[in-house]
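Me: I have a structure to go through. I want to know what stands behind each label. Can we take the labels one by one?

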Amino acid sequence: MTIKAKPITAAEFALYGELLTPRDAPTKMINAGRCERHNALATVERFGGEAIISIFRSDPVSLPYDCALLERHPLGSQAFVPLGPDPWLSVVAPDDGGKPGTPIAFIVPAGMGVNLRAGVWHGVLTPLDRAADFLVVDRAGDGVNLEEITIAPVTITA
Ligand SMILES: NC(=O)N[C@@H](O)C(=O)O
Ligand code: NI
């Protein structure tokens, strides 16, 4: 199967999570009016455990990219915020009776993050073309919070 990567939109991503990017208008001004607070773009879901903040320093992939490994975190959400200047690839898939359905590949613009809600099938982190660092907020603690599945490779094209 081949799928074409498409620009991410809040509406199309809404089934899977939220976009982490400033809104059209700030929630409020803070710091004596010098700073816009774009508040609560997403919430950190966790079932037990605690929310942690990590940095993922990842090698890149390039398009066309054969995606064969999907995963989900049933006990917590997972947010990725790029620390570098490049666009990146976010692959998600609907749940189809406990298995991933047809994946969807989104191109996320430079500087924009995403929050994946708990239990959402996704491809592991995929910077595009250049290695990149991401700030990651997710859940650590007891229980199995990583379910991986190998699928028939899906070729993701530009
Ligand atoms: N396994 C891990 O920490 N990373 C994945 O969850 C990922 O989505 O990249
Ligand atoms: Ni993950």
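Reply: A polar side-chain atom of His122 sits 3.1 Å from an oxygen atom of ligand 1. The protein covers 74% of the 270 Å² of accessible area that ligand 1 has on its own. Such areas come from the Shrake-Rupley method with a 1.4 Å probe; for residues, only the protein chains shown count as cover. The model is predicted: local features need pLDDT of at least 70 and side-chain atom pairs 80 or more, while totals for chains, interfaces and linings use all residues. Residues count from 1 along each chain as its sequence is written, chains are lettered from A and ligands numbered from 1 in written order, and side-chain values use heavy atoms, without hydrogens and water.

Me: What lies 2.9 Å from an oxygen atom of ligand 1?

Reply: A polar side-chain atom of Gln78 does. For His73, an N or O atom of the side chain is 2.8 Å from an oxygen atom of ligand 1.

Me: Which residues are around ligand 1?

Reply: They are Phe56, Glu71, His73, Gln78, Phe80, His122, Val124 and Leu125. The cut-off is one heavy atom within 4 Å.

Me: What are the protein donors of the nickel ion (ligand 2)?

Reply: Glu71 (OE), His73 (NE2), Gln78 (OE1) and His122 (NE2), lying 2.1 Å from the ion. Donors are N, O and S atoms within 2.8 Å of the metal (3.2 Å for Na, K and Ca); water is not among the atoms, so sites may look incomplete.

Me: Why is the site of the nickel ion (ligand 2) called octahedral?

Reply: Six donors count as octahedral if opposite donors are over 155 degrees apart and all others between 65 and 115. Here there are six donor atoms, with angles of 72 to 172 degrees among them. The site is octahedral.

Me: Why does Ala40 count as exposed?

Reply: Exposed means over 50% relative accessible area, buried under 20%, partly exposed in between (1.4 Å probe, protein chains only). Ala40 has 52% relative accessibility, so it counts as exposed. Its phi is positive, about 50 degrees, although Ala40 is not a glycine.

Me: How do you know that Asp129 is exposed?

Reply: Its relative accessible area is 54%, so Asp129 is exposed. Phi of Asp129 is also positive, near 75 degrees, in a residue other than glycine. By contrast, Glu71 and His73 are both buried.

Me: What makes the peptide bond from Leu63 to Pro64 cis?

Reply: Its omega is near 0 degrees.

Methods: Tetrahedral: all angles 85-135°; square planar, octahedral: opposite > 155°, others 65-115°. Polar contact = N/O pair within 3.5 Å; in protein donor to acceptor, adjacent residues only side chain to side chain.
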